[in-house]
Amino acid sequence: MSARPAGASPVVAAAVEGLRAPVIRALGLHSGWGRGAAALPAEARVAASGRRVLSLGRPEALDARYAGDRFRRATRECLWALASVEAMLEDGEAAREAIEGDGTALVFVTAAVYAASNRAFVEGGGGRGTHFAYTAPAVVPAEVAIEFGLTGPSTVFIGGPPATLHGIWYAATLLAEGACDRALVLAVETFTECEDLYARARRLTGGPLVEAAGCLWLEPGAGTIALRPAGASRAAGAAIRARVGETFACEPLAAIAAWRHRGAREPLTLEGRWRGASTVLQWQDGQETAGG
Amino acid sequence: MSARGRIALVAAGVATPIGQDVDAFWSSLLTGVDGISTIEHFPVADLRVGRGGEIKKLTRVKDWSGVSDCRATRLLISAADELAAHAGLRPLPAAPTRVAVVVGTALGGVAEGERALAGDRRARRLRGGLYDSPAHNLARWLGARGPVITVSTACASGATAIGVGADLLRQGLADAVVAGGYDALSRFVMRGFDALRSLTRDQVRPFDRRRSGLLLGEAGALVLLRRDGEAGPRRLGTLLGHASVGDGAHISAPHPEGRGLERAIRMAMAQAGVTPADLDFVSAHGTGTLLNDRIETAVLKRVLGARAPAVPVNSIKPMLGHTMGAAATLEAIMCLLAGRHGQIPPTRHLEEPDPECDLDYVPGAARAARPRLSLSTSLGFGGQNAALVLEAAP
């Protein structure tokens, strides 16, 4: 994870009318490559060595901790969501009490995390009511909200990288409106359980599928933030995708992790492409901008 | 709320089991048409309950060429076809890159995923099984090239989508937003709710002491959102406030005291700048489950205070079933139609009130009243709660 000290504000601002940019307080990231940005390879295809899916496996520590309690029903994707929040707290050197309560908004983003539960439900005959609830994407952030006591604004966006950019924009909106004191943007993608299905659609994805779970902690900032469509640009997000592999909604969080890890000083620009359309989110250092 | 913050709902389009356009939907609500029937589109003989609000045939769109055969997509496009006629979407009211699509769904095109798992090896089945697929199909059909956002706050999705769409307009990220919700009936969802024992073998009876569960339905519902000053005088009404809040209590049940719902209502009212004294009507989530109706009643009593007994509250779910992602959008449209036409649709099948549910739920027949300010509430799996505050056009 980034060596940036807790509480630092690598922030961004920009052009769109009126929307204040948030500062990044912390980021937790797990991926099929390992924990944090330091584990990300230089080139996903090479590092994958022919593997189609880089699995997160199961978070053993969480498995053990929750054995026997209500989380025994929690799916692998729920456990990784919890693990990414814990990694975020560690990155921010914060206790879980720091995010508890009405003041924390939670924005969950995923393209396909529900696929594993859907398949298990369909192929299991559909007779297990408790399992059915886990086919709802909203249940992944719900497990996080239950575990960490989050009772603030909440929403779920479905889609690939642009959906995460929309999620960050929405979190910025909630912060700018004063609807919350901090906002978490959570993204989780798993692929292992449906590897055979994704193999049928190989031409739809460009590289190895890399499971990931990330959580971004945002707080109010001073600059502005710009979200704009970028037409059908194939280049959008290509660099981080080539480096990390296909992580769907987690891609922008991986890009932020990489940006922080290299201690970049340039303004952060996030790009995402999905279903033939591209989106760009531009942040600039709000404090620099404010200071002229 | 400032004029900049007010968002106009210009027009609507719907596809429901009780009407495939807004006029038919409204007239069915007033007359109490029963949209519940035995499901015919897929086998249900092995289920405890095989009834629901099924649309037997989508009749509005005559030519489906070039449109995915995904049922969820077709529900959305049926609704969009009516919206296009009412709101003048041909040509689009703004540059295509300035027209956004924001739709809510609990299950997306999940039936496409079922087909893929059942052996349909075409890549488009897999792609269609992703929950954001119908929204992109809709955007393509409309020719919209602005942000395409799929919201999935379970059965509160249709409210959250309207709220997110309003925020896109307020932030200047779009000049027109097609917003709403949809969900199709499928074996997947019927089996799921059947396994949860949530479906009733009786009628859906919100707030009735005999209530024993919900029935599902399918629908598509869309509205065109514009900034207040750009919408022109002809409109359904105005969105004054919205909020979507998590309650962090349980994955499939509301907070036992409804704290999340209460927060959502209070936040939406604060954004709207209204007090309980201003509210004329509440469209309740009103699923007809034991827990929901009791909790929702308690929350409304806390929020409305002394006014609670005087504010009419209804649930339209007995007539068309719980249409999941579409429900909150349909209910928002209903609130604004009530204000336009001076009638509040009844809560059907409410005959023996539960003593714990002691508000005015408009039992029996439609009531002559012209609600100007309405509150619409929604709840969903994952502890999701949403509230909209709406003002009917004068």
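Begin by selecting B:Glu40, which is exposed at a relative accessible area of 59% (exposed means over 50%, buried under 20%, partly exposed in between, with a 1.4 Å probe and protein chains only). The model is predicted: local features need pLDDT of at least 70 and side-chain atom pairs pLDDT 80 or more, while totals for chains, interfaces and linings use all residues. Residues are numbered from 1 along each chain as its sequence is written, chains are lettered from A and ligands numbered from 1 in the order written, and side-chain values use heavy atoms, without hydrogens and water.

B:Lys56 lies in the loop between strand E3 (51-52) and helix H2 (71-87), and B:Glu40 in the loop between strand E2 (37-38) and E3, so the pair ties together parts 16 residues apart in sequence (helices, H or I, of at least four residues and strands, E, of at least two are DSSP runs numbered from the N terminus). B:Lys56 is partly exposed, at 34%.

Now select B:Asp293 and B:Arg211, whose salt bridge has its closest N and O atoms 3.5 Å apart. B:Asp293 belongs to helix H9 (residues 290-304) and B:Arg211 to the loop between helix H7 (187-195) and strand E7 (219-227), so the bridge joins parts 82 residues apart in sequence. B:Asp293 is buried at 0% relative accessibility, and B:Arg211 is buried at 4%.

Finally, select B:Asp69, B:Glu112, B:Arg115, B:Asp120, B:Arg122, B:Arg124 and B:Arg125, which salt bridges with shared partners join into one network.

Technical notes
A salt bridge is a side-chain nitrogen of Lys or Arg within 4 Å of a carboxyl oxygen of Asp or Glu.
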